Amino acid sequence: MTTEAAARGRWQVVWPYAGALAIALVLLAALVAMLGGDASQALAGLVRASLGSGAGLGQTLNKTTPLLLGSLAVILGLRGGVFNIGVDGQIYAGAVAATGAAFLLWTAPKAAVLPVVLLAGLAGGAVWGSLPGVLRARLGVSEIFVTVMLNFVAVFLVEYLSTGPWNDPTAGEAITRAIPPEATLPYLWPRAGAHAGILLALAAAVGVWWLLFRTVFGYELRAAGDNPSAALLGGVPVRRAVGVALVASGGLAGLAGAVEVSGFHYRLILGLSPGYGMMAILIAVLSRRHPVLAVPAAMGFAALLVGTDSLQRSVGLPSSAVFVVQAVVLLVLLAAEGVRRGAP
Amino acid sequence: MSPPLVRLRGVYKRFGPVVALDGADFELAAGEIHGLLGENGAGKTTLMNVLAGLYRADAGDLEVLGRPVSIREPRDAVQLGVGMVHQHFELVGHFTALENVILGREGSAWLRPDRLRREVEALMERVGLAVPLDRRVRDLPVGVQQKVEILKALYRGARVLILDEPTTLLTPQEVDALLASLRTLVEAGVSVVFITHKLHEVLRSCDRVTVMRRGRRVVTVDRREADPVRLVEWMVGTAPPPPPAREATRPGSPVLELEAVRVVDERGVAVLDGCSLVVREGELVGVAGVSGNGQQALAAVVAGTARPAAGVLRIRGRPAERHGVLDRMRAGVLTIPEDRLRDGILPRMSVAENVVLGRHRLYFPGVRYDPETSRRLARHAIEEFRIVCPGPDAAAGQLSGGNLQRLIAARVFDAAREREARLLVAHNPTRGLDVPSTEFLHARLVEFCAKGGAVLLISEDLDELLKLADRIGVLYRGRVVAEFAREQFDRYAIGRAMTGGVPA
């Protein structure tokens, strides 16, 4: 009886997404056909480019890394009842710190460089998260304002560094010099171009799960997020827990920035995060604030981004049309989430 | 004699197992201010909610001007000219006063602000209520917001205005202003029902008084025939106090001592002011009082969620004014909060995770949280406290009120064993519970005392206090104005102290 109900419950979770995927594919085919492309070729190309080939899979994994780390950052905040919409700024702050560390560490022993660079990224993001964290814990300032404003600060900081002191004079655009080779992440799967960042992200997912569900801190954080006044009466230091969560959340986002620098771009660039922070919120919601469910959700998202990008090459869609396709698929997915929640 | 403006006859209403109205009668004459008096839970508000269309009576007749009517929803009541102002206002904070008054009555698709404004201004003139129409409601003081609510009801054509405990949130000056404006309203042709449990307000402002007790009308009298002594008797009844449910214990050393404690809330109002009280080991001290006289602040200051602005608070002989919740817990203070949902439960977390709240640091002194331990404790609690739920992993928010209270009891009374708790603060612990759950909880309180624990039982249910307490302190306007030892227990004397009369 109970298992039956549980199985039914599971189906109720699955079918809206299955339906959404079907609707999304049909809409995608229709859009491609409308824009003058060959729909079947487009769909085949999409699958091949994201999951069906080594190189495609590699790209998908590389894209998964910042999305997963970012969504873990959002999840950690949401579980404590705070809405971190500053993931983008924290990614940039982490990227800046990682790049700076890579530039400064040229005399350090080679084996130490990469760990320090990654830790610097983590610390940079944590600093960016600590400001809203402290303001919220001490003064009750809404984290939403502070995190959004710090996004701008971080973007302008990157702009300054990449066009100013760290600028690569030979490039002629807003990018910095390349970081030294010992500061770069090794390849996990060289032929596919997949770097080892995905391992860090997966470890982080397990780590966040452990923190939330297997530590007293995580228990108190979830209690504070669920009902702060009951948690307080139960002896939970609510403000402190929430503040710490924002700092840790920033650290995860900062790690994403460091991975993007040392695994993918090898330098700091403007546009390092094409809105990962916003997508991370969507992933966090789709995965129902669960760090392990965030893994497939982030991967699916990455596959969608990589696959639709390929439509430019496979059927010659203009890049703006690709954005339209991405947006339509996203809306259908979100509608499915709405249906799932509304389901009795 | 002409028929009364409104007549309610034999109104019966139950909520689940609780009978709220047990054949209640009520008549309102045209052009009067009618006080509706009774203790908490006497059925005053429920009866008026029936008249206003918010509840449908299970049985009973309604008449307006001698004609039988049926009121199925609030709209019917509005059409019959019945308007109700609730204790908690239903205003849109970021709308102006004018926008709130005309809300839902804008007239047509096009807002015609000038005409509507002239209408509202004329209304204000006629009934003698003036509010700044262009100010946002959320920027207005509570007393003015209340006027906006009254104007809203009148603008919708109310001839019968029901005010539910209108003075609870007001300052004394605002109360004076309100009572004065009621008189003007009556002169403008409105009849008023004034729900309250404060004697002096009834005696000051009403033409007639109906006293309710346990879902029925006790009496309706003219103000001339009403004096405080008789009103209190009607409210609380003349039955002798119930026999005590427990043997008196020899009290030990003081566990909780309050001396002239003052607590100021966020509005700057002193909700506790000069409150003094002692609870000793093995003693159950009851705090009686009409709600809103400082009970919440008293519970909060003892639990450690509020800090005293002045005065002395000692727990087991040690000054504890500056201690927070965690210090209190370490000192052995347990709480059963008044509002279970707001302060007691983590609704989206599991029963198991709820059971360990407050003692989680005890069971998990290190870094690790072990869900299996919580589940085991929860299974134990479900069995011992007979919590009806699908299992330890069910979300606590799905449980019914009685089961939530059992869950909280499981949390508290197990911690009592674990930590040798010294003091339990319980605020309205049995409100809304059925009889078996109530008796179950009472037995637990008694057992706790018998083991040497001290209990501070803050309750609006006088019978509960008479049954359980060794002593009863009466809280009125933020201080304990009278104390009664068990041999002095007397409903009338306690009731009089509760309603602001000086104890005999």
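## The second largest cavity

The second largest cavity has a lining of 13 residues, among which Gln87(B), Phe89(B), Gln146(B), Glu165(B) and Pro166(B) lie nearest its centre. A cavity here is a set of points on a 1 Å grid over the protein atoms alone where a 1.4 Å probe fits but cannot get out, and lining residues have an atom within 4 Å of a point. The elements α5 (142-155) and β7 (160-164) of chain B each give two or more residues to this lining. Helices (H or I, at least four residues) and strands (E, at least two) are DSSP runs, numbered from the N terminus.

The space in the second largest cavity is about 60 Å³, a volume being the space filled by probe spheres set on the grid points, which are joined across faces, edges and corners. Its lining has seven nonpolar, four polar and two charged residues. Ala, Val, Leu, Ile, Met, Phe, Trp, Tyr, Cys and Pro count as nonpolar, Asp, Glu, Lys and Arg as charged, and the others, Gly among them, as polar.

## Basis of the model

The model is predicted: local features need pLDDT of at least 70, side-chain atom pairs count only at pLDDT 80 or more, and totals for chains, interfaces and linings use all residues. Residues are numbered from 1 along each chain as its sequence is written, chains are lettered from A and ligands numbered from 1 in the order in which they are written, and side-chain values use heavy atoms, with hydrogens and water left out.

## The largest cavity

Five cavities of 30 Å³ or more are counted, and the largest holds about 230 Å³ of space. It is lined by 20 residues, and Leu233(A), Gly234(A), Met329(B), Thr335(B) and Gly358(B) are the closest to its centre. The largest share of the lining, four residues, comes from α15(B). By class, 11 lining residues are nonpolar, four polar and five charged.

## Domains of chain B

An automatic or database domain assignment divides chain B into domain 1 (6-236), domain 2 (242-332 + 421-504) and domain 3 (345-419). Domains 2 and 3 of chain B both give residues to the lining of the largest cavity, so this cavity lies between them. The centres of domain 1 and domain 3 of chain B, taken over C-alpha atoms, are 43 Å apart.

## A sheet in chain B

In chain B, four strands form an open antiparallel sheet in the order β12-β11-β14-β15; strands pair if DSSP finds at least two bridges between them. Strands β12 (270-280) and β15 (318-319) of chain B stand at the edges with a single partner each, so one side of each has no neighbour in the sheet. Strand β11 (254-264) of chain B pairs with β12(B) over eight bridges, and Pro254(B) stands opposite Arg280(B).

Note on methods
On a 1 Å grid over the protein atoms alone, a cavity is a set of points where a 1.4 Å probe fits but cannot get out, and a pocket is an open set with protein on both sides within 12 Å along at least five of seven lines; lining residues have an atom within 4 Å of a point.
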